Amino acid sequence: MRLYIIICLTAFLISCNSKMYNYKIILEKPEKSDVRSYENDTMSISFNFMDKGIAFKLFNKSEEGIRINWDELSMSI
């Protein structure tokens, strides 16, 4: 019931207002996961970590091409 009220209030606020909202998400503690992929409506990518490198599969779901700027790509360990 509580979720229903929250959904209704959110739908009401969104339909009456045209503001852009920004969300800041912070990871408080790491959690182990076997999921090594990301997917949205334009692309999906899956990673395979090996001893001496990373292999990945990138699928383009859009009609347009995907461009990767390798100079601005970063990785954290």
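This is a predicted model: local features need pLDDT of at least 70, side-chain atom pairs count only at pLDDT 80 or more; totals for chains, interfaces and linings use all residues.
Residues are numbered from 1 along each chain as its sequence is written. Local features require pLDDT of at least 70 and side-chain atom pairs pLDDT 80 or more, while totals for chains, interfaces and linings use all residues, and side-chain values rest on heavy atoms, without hydrogens and water.

Helices (H or I, at least four residues) and strands (E, at least two) are DSSP runs, numbered from the N terminus. Of its 77 residues, 3% are buried, a term that denotes under 20% relative accessible area, with exposed meaning over 50% and partly exposed in between (1.4 Å probe, protein chains only). Among contacts (heavy atoms within 4.5 Å) between residues at least 6 apart in sequence, 0% join residues at least 24 apart.

Strands are taken as paired if DSSP finds at least two bridges between them. Strand β1 (residues 37-39) pairs with β2 in the antiparallel sense over three bridges, and the two form a hairpin with three residues between them. Strands β2 and β3 are also antiparallel, with eight bridges, and are joined by a hairpin through two residues. Ser44 in β2 stands opposite Glu39, and in β3 its bridge partner is Phe59.

The accessible surface of the chain, from the Shrake-Rupley method with a 1.4 Å probe and, for residues, only the protein chains shown as cover, comes to about 8,600 Å², of which 56% belongs to carbon and sulfur atoms. On this surface, Phe47, Phe49, Ile54, Phe56, Ile66, Ile68, Trp70 and Leu73 form a nonpolar patch with about 760 Å² of accessible area together. Patches comprise residues with over 30% relative accessible area and no salt bridge, nonpolar side chains (Val, Leu, Ile, Met, Phe, Trp, Tyr) being joined within 5 Å and like charges within 9 Å; a salt bridge is a side-chain nitrogen of Lys or Arg within 4 Å of a carboxyl oxygen of Asp or Glu. Strands β2 (43-50) and β3 (53-60) each supply at least two patch residues.

Rings of Phe, Tyr and Trp (its six-membered ring) pair if their centres lie within 6.5 Å, with planes under 30 degrees apart stacked, over 60 edge-to-face and the rest tilted. The rings of Phe47 and Phe49 are stacked, because their centres lie 6.3 Å apart and their planes at 20°. Those of Phe56 and Trp70 have centres 6.4 Å apart and planes at 45°, so this pair is tilted. Phe56 lies in β3 and Trp70 in the segment after β3, so the pair ties together parts 14 residues apart in sequence. Phe47, Phe49, Phe56 and Trp70 form one aromatic cluster.
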